[in-house]
Amino acid sequence: MHGKSASKLPPGIRERNGKIQIDFYWHGKRCRETLQLEANPKNFKYAAQLRAAILFDISQGIFDYNKYFPESKNIINYKSSAKTTCADLFKHQLDLYERRYENGNLTKSTIHNYRKEFRVYLMPSFGHIELSALTPQDIRRWLYGFNHASKTINNAVLCLRKSLKTAVDDGLIAESPLDKVDVAGIVKDVSTAKAESIDPFNEAEKELIINTANGQIKNLIQFAFYSGLRTGELIALRWVDIDFKNNLIFVQRNIILNTEKQPKTKSGIRKVVMLPKAKEALQSQFGFTGQLNDFVFHNPNTNKRWLDAGKIRRAWKVVLESAGVRYRYPYQTRHSYASMLLSNGENIAWIATQLGHINTEMVIRNYGKFIPDHNLTIGYKLKGEY
């Protein structure tokens, strides 16, 4: 390419075989036209101005394909009286996300969430509406129909906002109807109170759950209660990460949606002290998978490692129902671990390292109510007895 790298070209402009190609959307269809111009800075600037004029005409509903590209072979293919619907827009936006995912710029969990937002919240509500007919009133009615936590609503709004911005950028609409909606105010009105996320099991409940479970499921649950590992970290744990001699567990991987990756932060890569009951669970589990020298915990139904948290959640639910213990999601094993350490007066800074937190702030914010009024560790230090 002469003069400019592809990353610095104006939106919708690219080089193709030494020429310049314009890329835009019309009636929900992607249009690509190659100009018989040499790819150089001067012509790139001209192409950007031409594309801007096209987008303006499209936004005004007066775009004439034949006027701009009279010799194009694509006129018949692109000419259509059909109106762009919100469904067309959402499919286009999701396609953009899918390409980002394929290029490694979105994680598997993120693209999974985007797919859900479009499928569950946007397509059913707006898919049938012509994009140009979508009004702020439509969006307000949609928002007032929610009965979810604010995070759920805001995630859906984010996908709608990005889709409408794409529509504006592509000249499909002149402005976004979402800009005229007081989203924050409506979310405050309709969002449900966030359920108490920290709801640990007490010692009696833990014992009942562990004793009700059997085999590999029992080992997994007992280890989770006494190690504090996240579900993805449990799935990713390998026998090479276990140091029985020094009673240490090396946490250095995470598996989410069957995809393995490192923890998000450096603090997530950590050494966890192996408590006696965690060690007991691992020693029992070694008889099932230790000889394979690979993943520690296997799904007993497949004799392979767990694929995702959903599979574990189903097995966990069965155990709690059998034990007659009030249901809480599996992540509460981690909360139970943290609250146990705090209730027993362990040093907060040390607990933060065991949980993989950057500092003590999150520990205090999430588990402050479990900190004893008189921290025994601090008291011993002051007396010189610790």
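Let's start with strands β2 and β3: β2 covers residues 19-26, runs antiparallel to β3, and is joined to it by eight bridges. Two strands pair if DSSP finds at least two bridges between them. Within this pair, Trp 26 stands opposite Lys 29 in β3.

A word on the source: this is a predicted model, where local features need pLDDT of at least 70 and side-chain atom pairs count only at pLDDT 80 or more, while totals for chains, interfaces and linings use all residues. Residues are numbered from 1 along each chain as its sequence is written, and side-chain values use heavy atoms, with hydrogens and water left out.

Back to the sheet. It is open, with three strands in the order β1-β2-β3 and antiparallel pairing. β1 (13-16) and β3 (29-38) are the edge strands with a single partner each, so one side of each has no neighbour in the sheet. From one strand to the next, the twist averages 35 degrees. Helix α1, residues 41-60, packs on this sheet and touches β1, β2 and β3, its direction making about 15 degrees with that of β2. Contact means heavy atoms within 4.5 Å; axes are lines fitted to C-alpha atoms, for helices over the stretch in contact, with angles from 0 to 180 degrees between N-to-C directions.

Now, the cysteines. Cys 31 counts as buried, at 0% relative accessibility, and Cys 86 counts as buried at 1%. Buried means under 20% relative accessible area, with a 1.4 Å probe and protein chains only.

Next, two helices. α5 (residues 108-126) and α7 (residues 150-169) pack at about 75 degrees, with axes 10 Å apart. That makes α5 roughly perpendicular to α7, a term for angles of 65 to 115 degrees. Residues making the contact include Tyr 114 and Phe 118 of α5, and Cys 159 and Leu 160 of α7.

Last, Ile 139, in helix α6 (residues 136-144). Is Ile 139 buried or exposed? Buried, at 0% relative accessibility. Beyond its neighbours within four places in sequence, its contacts include Phe 126, Leu 160 and Pro 177. Ile 139 and Pro 177 are 38 residues apart in sequence, yet 8.0 Å apart in space, C-alpha to C-alpha.

Key
Helices (H or I, at least four residues) and strands (E, at least two) are DSSP runs, numbered from the N terminus. Buried means under 20% relative accessible area, exposed over 50%, partly exposed in between (1.4 Å probe, protein chains only). Angles under 35 degrees count as roughly parallel, over 145 as roughly antiparallel, 65 to 115 as roughly perpendicular and the rest as oblique.
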